[in-house]
Each structure stands twice: as structure tokens, then as C-alpha cells.
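Please view the sequence and the model together while reading.

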Amino acid sequence: MLVVDAGDAASPARHATLLTELEHAVRADARLAPIDIDRQLALRAGEVPTEVISEARGLVRAGQALLAAHRAADALPRLEAGVHQLETALVWAKKEELASAQFALGAARASTGDPKAAGETFLALLVWRPEHVADTSIEPGVVMPIWEAARKKAAKLAGGSIEIESRPDGAMAYVDGRMVGFTPTTVEGLSVGGHYVTVRRPGWGKAVVPVTVSATSPVAVTATLERVTGQDAFEALASQLAAERTSATSRAARELGAVLGADQIVLLVDPADRSGHGQLEATLFDARTGRRLNAATAAVGEDQLSVAFDALRQHLYAGVTLTPEPKATSP
């Protein structure tokens with residue numbers, strides 16, 4: 001499933017909001033999965049460190065397996081290396097992966113007789129991921145008392161704030177995976193310690209900045225984003241797709257599908273006025289054949305986007321049969 005926002009958005013913030021709402025609506029259907037356009041373009045350009053990420057995941061899996069086999073001393077160096085590599089590639093990795101790896105690292109340190117290092121590791125994790133659930137299968141008699149002590153300590157930490165800016169501005173800002181607004185923005189009430197600031201703007205990629213929050217003064221973060229490789233060509237195809245949206249078939253839909261590995265494309269046109277009101281128009285294409293499958297519209301205001309997008313998704317896929325691409329057979 002490919003999400004393309006080629007509408008005449010009033011601002012970068014609205015463009016990002018529409019894209020995010022459409023992604024959320026698509027995820028509500030278990031048959032569909034939205035494609036991250038910026039990531040796909042970066043993959044195509046060879047800019048994603050796939051080998052580093054694969055190696056990091058392999059190290060973490062090996063460390064977790066060794067922990068389960070009660071070989072904490074052997075697991076420790078693998079987990080240390082895996083955590084480090086995930087942190088360096090966090091733009092492309094999932095934060096939950098890092099959180100699980102950090103917990104395993106803390107458990108390994110506890111199991112090898114280093115409760116101080118284990119407590120520090122657990123506390124650092126709980127600062128930025130307070131909702132993380134402990135794995136109670138790993139040496140619970142040793143690990144869980146240290147984990148519970150770290151939880152109590154984390155709950156008493158003082159608070160601080162982060163001032164987030166980006167170049168260009170109008171980007172979506174996240175702290176520890178939670179969206180906090182559009183740049184420039186200030187986030188308050190964060191526990192003192194290490195956090196991860198993510199800044200993302202469609203067409204400009206994203207950046208992840210580790211930040212240490214202080215209780216004495218706000219921490220200023222400025223993220224410089226680079227134009228995504230291939231974005232100009234993508235936007236040209238998206239504009240062509242918008243021009244072809246009433247046609248029975250679209251060459252641009254097939255080309256976009258080939259570039260981004262999509263099965264379907266949703267083209268969203270947003271003619272909203274400055275107040276955020278207007279009628280969204282969505283068109284669904286089969287990206288393999290270019291065939292126009294369906295279209296739907298929804299009148300929205302700024303406070304009705306989630307409802308409108310859920311209705312759009314249901315109308316778009318009403319009566320549409322999703323079939324996998326036929327696999328080539330050997331002669």
C-alpha cells in the first residue's frame with residue numbers, strides 16, 4: 001500500500017498531518033500496510049545502512065539466545081555491540097528494538113554480577129521508555145529486584161524541557177517515539193536523562209538526535225534535514241498521477257509502483273482553504289496495472305480528519321478485491 005499526498009496542501013504541517021492521518025486509517029485494515037515513501041527512495045538510492053542494521057539485529061538475537069541459555073558472560077559483548085549499532089542507525093531502526101536490546105543488556109550485566117551497571121542501564125531505558133515491560137523470564141531472582149529499584153528511582157526524577165527546531169521548519173517532531181508537534185516547538189515535563197528527538201518532514205527525510213535533558217535549563221536541538229534522493233522525480237510522477245486521476249488507467253501509477261514496490265496507490269488531493277476546511281478527494285489505483293479502482297470524497301474540518309480518513313479508506317476499498325501479485329512460474 002502506497003500513500004501519495006499530491007494535494008495542494010496549505011503548509012508543510014498540513015501536508016504531514018494529512019499523510020499521517022491517512023497512514024493511520026490504512027493501518028486500521030489488517031490487509032493493508034502503508035509504505036514509507038522516504039525510506040523506499042532512500043533504499044533505492046542505497047542510503048539505508050541495511051548491513052549495519054542486520055548485523056545489529058543479529059547480535060541482539062544472539063545475545064538474547066545466550067541469556068536464555070544462562071550464558072550471560074557470552075551474551076554481554078554481543079548485546080553491548082548490538083545496542084551501540086542500533087543507536088547509530090536509529091533513523092532506520094525501530095525504537096522498540098533498541099528498548100528490548102537495552103533491557104537485555106541490563107539483564108546480562110545483572111546476571112554477570114554487576115548490579116550497579118545493570119541499574120544504570122535500566123534507569124537509562126526507563127527515562128525514555130517508562131512504559132517498557134520487563135522480560136521476567138531472564139534470571140528473575142537477580143534481574144527483577146534491580147529493575148524495580150530502577151523504576152522507583154525513575155519515578156522520582158526531576159523534569160526538564162527540550163526546544164526543538166529544524167531546517168527547514170514545519171517538520172513533525174517526536175520525543176522517544178511520541179509526536180509532540182511541528183517545529184519549532186518546546187516539550188516540557190521530560191525526565192532528566194537521555195532522550196531521542198526525531199524530526200521528520202515528507203520529502204526531506206528524518207533525523208534522530210540523542211539529547212540529555214537537564215533540570216536547570218531547556219536543551220536546544222536543531223536538526224538539519226536533507227532533501228530525499230529521488231524526491232524531485234517522485235513529485236513529478238505524483239503530479240502526473242494527479243493529472244491522470246480520472247483516467248481508466250495511469251502510466252504514472254505503474255511507474256510509482258515499480259519505484260516504490262507498491263501494490264496499490266492512494267492519491268490524495270487536498271483543496272482545503274486556509275481554515276482547514278474543504279473536500280478531500282482520494283483515488284485508488286492498482287500499481288501493477290495502473291488501473292483506476294475506485295474514488296471517494298469527504299468534507300472535513302481540522303477537528304474531523306481522523307473520522308474523514310477512516311470513511312475515505314472504507315469507501316475506497318468497498319467492493320475492491322485485494323489479490324497478491326501473481327508469482328512467476330518456472331517452465
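The largest pocket holds about 1100 Å³ of space, where a pocket is an open set of points on a 1 Å grid over the protein atoms alone, each fitting a 1.4 Å probe, with protein on both sides within 12 Å along at least five of seven lines. This is a predicted model, in which local features need pLDDT of at least 70 and side-chain atom pairs count only at pLDDT 80 or more, while totals for chains, interfaces and linings use all residues. Residues are numbered from 1 along each chain as its sequence is written, and side-chain values use heavy atoms, with hydrogens and water left out.

Lining residues, which have an atom within 4 Å of a point, number 35 in the largest pocket, and Asp36, Val91, Thr198, Arg200 and Lys206 lie nearest its centre. Among the elements that give two or more residues to this lining are helix 1 (12-27) and strand 6, and helix 1 gives the largest share, six residues.

Strand 6 (residues 193-200) is largely enclosed by the rest of the structure, because seven of its eight residues are buried, that is, under 20% relative accessible area with a 1.4 Å probe and protein chains only. Its pairings, each requiring at least two DSSP bridges, are listed here.

In the hairpin of strand 6 and strand 7, five residues lie between the strands, and Gly203 takes a positive phi near 90 degrees.

Notes:
Buried means under 20% relative accessible area, exposed over 50%, partly exposed in between (1.4 Å probe, protein chains only). Helices (H or I, at least four residues) and strands (E, at least two) are DSSP runs, numbered from the N terminus. Grid points are joined across faces, edges and corners, and a volume is the space filled by probe spheres set on the points.
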